[in-house]
Amino acid sequence: MSRPGSRKLSLFPIALFLTPLFAGCESAVAPGQAGGPGTYLCKMGPDGECIGTPTLAKRLSFGSPEELHAYLEPLQDASKEALMAAEEGNGFESLRAYLDPNEDTEEAARLNEGTDGATGNEGRALENDGVVREDFPVGDAFLSALNHRGEIQVGGSLFKVTRDYVYEIDPADLALLNEKVPTLSSPAPTDGDPRIQIHVVETSLQRESTAAAAASLAPSSASLSRDHVAGVSGNCYVYAGDRRMHGKSYITNTFFYAEAGVATEWERRKKFLWWTYWSNTWQSGTLSYSFNSNLGFGPWTGPWSPIGLPSGSNAQAGTSSVRKTVAWGVGFGIRIRGSVHTHHTVSNSNVTGSCDTDASA
């Protein structure tokens, strides 16, 4: 796959291929500071000429992993308002917004009280693509940089992030990919088309929306020494009827972006057609987490360099979730390995309780 800017990559291999960061800042980058949503795409001939009719792309385009890293850095762990401000000038609906049930305020939660149907945009995502927010085990910052079809361009490659796979193509072959992968939950093509490179989304967090989980992070002789807690998974729950606290620890690798994080969320049960699912919503009490981690970052087969916050905690009242990006990185063919152990608590008018989660890769 052609990647313009490879000459620059050869000059700065560590900075461009392995660009990790620990925890994100709380402010958002100004829209358009890096990348551009109005990029004209066409297949380039041997002399640099444009073959075919160029099309106007409605997605962010970055010349290198370094540029994408710079765009994402101030958005990690940013508020919803800061993410919306960053998205405002991009000219398209982000995947974050497309999946948003929009019940993270007291007013919105009360408006939808007594209903069990989809709220916000999640009904569209369910009807059109068969996905919900839980199907994408990463923080909102990464989803905010993708358009609602999961697309982003880095270097000469266009990446399409779906529920289970990341597809890498020449931008001019997007129509071909969309024909073979029409939704965000479509199975991967099996015809072996060399124009489409398929990367499995690796995650330690089992998916609830279907019986089959997303691809797990299989043990590897090249991986870090894992410190898994027997009998503890990436999800844990404290139930209160049709409400629950949902605790998460996760490590997710998408070939060009990797992230480890924790979240303590309040959810309510909903229905769509014959599906029952859980969706994030506001609550008046307190949600909290405390975690310890031992993580490494590097190329797919190593070597690994230490990354991320070794520990941390947070508690908030009157919120729908408390989250933390423990570690993240950008680059072609990179991943995060290791472990994140988290203790989650909830105390509100519905229930008081706690549970533990463990992400291990």
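**Entry 1: the ring cluster**

I looked up the aromatic cluster and found Phe142, Phe159, Phe255, Phe256, Tyr257, Trp328 and Phe332 linked by ring pairs. Rings of Phe, Tyr and Trp (its six-membered ring) pair if their centres lie within 6.5 Å; planes under 30 degrees apart count as stacked, over 60 as edge-to-face, and the rest as tilted. The model is a predicted one, in which local features need pLDDT of at least 70 and side-chain atom pairs count only at pLDDT 80 or more, while totals for chains, interfaces and linings use all residues. I number residues from 1 along each chain as its sequence is written, and side-chain values use heavy atoms, with hydrogens and water left out.

**Entry 2: individual pairs**

I noted a count of 13 aromatic pairs under this rule. Phenylalanine 62 and tyrosine 71 make a tilted pair, with 5.5 Å centre to centre and 55° between the planes. Phenylalanine 62 is buried at 1% relative accessibility, where buried means under 20% relative accessible area, exposed over 50%, and partly exposed in between (1.4 Å probe, protein chains only). Tyrosine 71 is also buried, at 1%.

I then turned to tyrosine 257 and tryptophan 328, a tilted pair with 6.3 Å centre to centre and 35° between the planes. Tyrosine 257 belongs to strand E12 (residues 257-272) and tryptophan 328 to strand E17 (residues 321-330), so this pair ties together parts 71 residues apart in sequence. Helices (H or I, at least four residues) and strands (E, at least two) are DSSP runs, numbered from the N terminus. Tyrosine 257 is buried, with a relative accessible area of 0%, and tryptophan 328 is buried at 0% as well.

**Entry 3: a charge over a ring**

I found arginine 335 over the face of tryptophan 300, at 4.1 Å from the ring centre. The rule asks for NZ of Lys or CZ of Arg within 6 Å of the ring centre and within 35 degrees of the ring normal.

**Entry 4: the nonpolar core**

Which residues have the most contacts inside the largest nonpolar core? I recorded Ile152 and Phe256, in a core of 36 residues. Such a core is a set of buried Ala, Val, Leu, Ile, Met, Phe, Trp, Tyr and Cys residues joined through side-chain atoms within 4.5 Å. The elements giving two or more residues to this core include helix H3 (65-72), helix H8 (140-145), strand E5 (151-154) and E17. H8 gives the most, with four residues.
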